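Open the model in a viewer with side chains displayed. The stops below are listed in the order in which to select them.

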Amino acid sequence: MNDVLAELAKVLEARKQAAPDQSYVASLHAKGLNKILEKVGEEATETLLAAKDLANQAENNKAAAKSDLVYETADLWFHTLVMLSHLGLGPEDVLKELARRFDLSGLEEKATRQKHPG
């Protein structure tokens, strides 16, 4: 699964150099960080709404709602990866942080965050 993230990161880095009228990713970079953050916020909201819709669906309608949630989550992840790329980071940085937390309990991790605000 990490291969997909690594490949996508490569594509996103390459697209940073493309012409903004030829690449959606390049157009986001050309518009700057605020536009990228706006897209992340928009996709986060759409993901939250899709999750809420799924939770409220009757059992016989859950398949479409699950598909919608996966679609919106993919959009959120994509735009988050664009944000990271814009700031000189990539999925490997997030994966390293998740790996660091792997052996910590949730309470230990939360206590660590108080020392590392962000």
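Select Glu 43 and Lys 39: their side chains form a salt bridge, with the closest N and O atoms 3.6 Å apart. A salt bridge here is a side-chain nitrogen of Lys or Arg within 4 Å of a carboxyl oxygen of Asp or Glu. The model is predicted, so local features need pLDDT of at least 70 and side-chain atom pairs count only at pLDDT 80 or more, while totals for chains, interfaces and linings use all residues. Residues are numbered from 1 along each chain as its sequence is written, and side-chain values use heavy atoms, with hydrogens and water left out.

Glu 43 and Lys 39 both lie in helix 3, four residues apart, about one turn of the helix. Helices (H or I, at least four residues) and strands (E, at least two) are DSSP runs, numbered from the N terminus. Both residues of this pair, Glu 43 and Lys 39, are buried. Buried means under 20% relative accessible area, exposed over 50%, and partly exposed in between (1.4 Å probe, protein chains only).

Lys 39 has a relative accessible area of 12%, whereas Glu 42 is partly exposed at 32%.

Next, show helix 2 (residues 24-31) with helix 3 (residues 33-56). Their axes come within 5 Å and cross at roughly 120°. Axes are lines fitted to C-alpha atoms, for helices over the stretch in contact, and angles run from 0 to 180 degrees between N-to-C directions. Helix 2 and helix 3 are therefore oblique to each other; angles under 35 degrees count as roughly parallel, over 145 as roughly antiparallel, 65 to 115 as roughly perpendicular and the rest as oblique.

Which residues meet between helix 2 and helix 3? Tyr 24, Leu 28, His 29 and Lys 31 in helix 2 meet Lys 35, Ile 36 and Lys 39 in helix 3, where contact means heavy atoms within 4.5 Å.

Move to Arg 100 and Glu 97, a salt bridge with its closest N and O atoms 2.7 Å apart. The two residues are three apart in helix 5, about one helical turn. Arg 100 is partly exposed at 40% relative accessibility, and Glu 97 is also partly exposed, at 27%.
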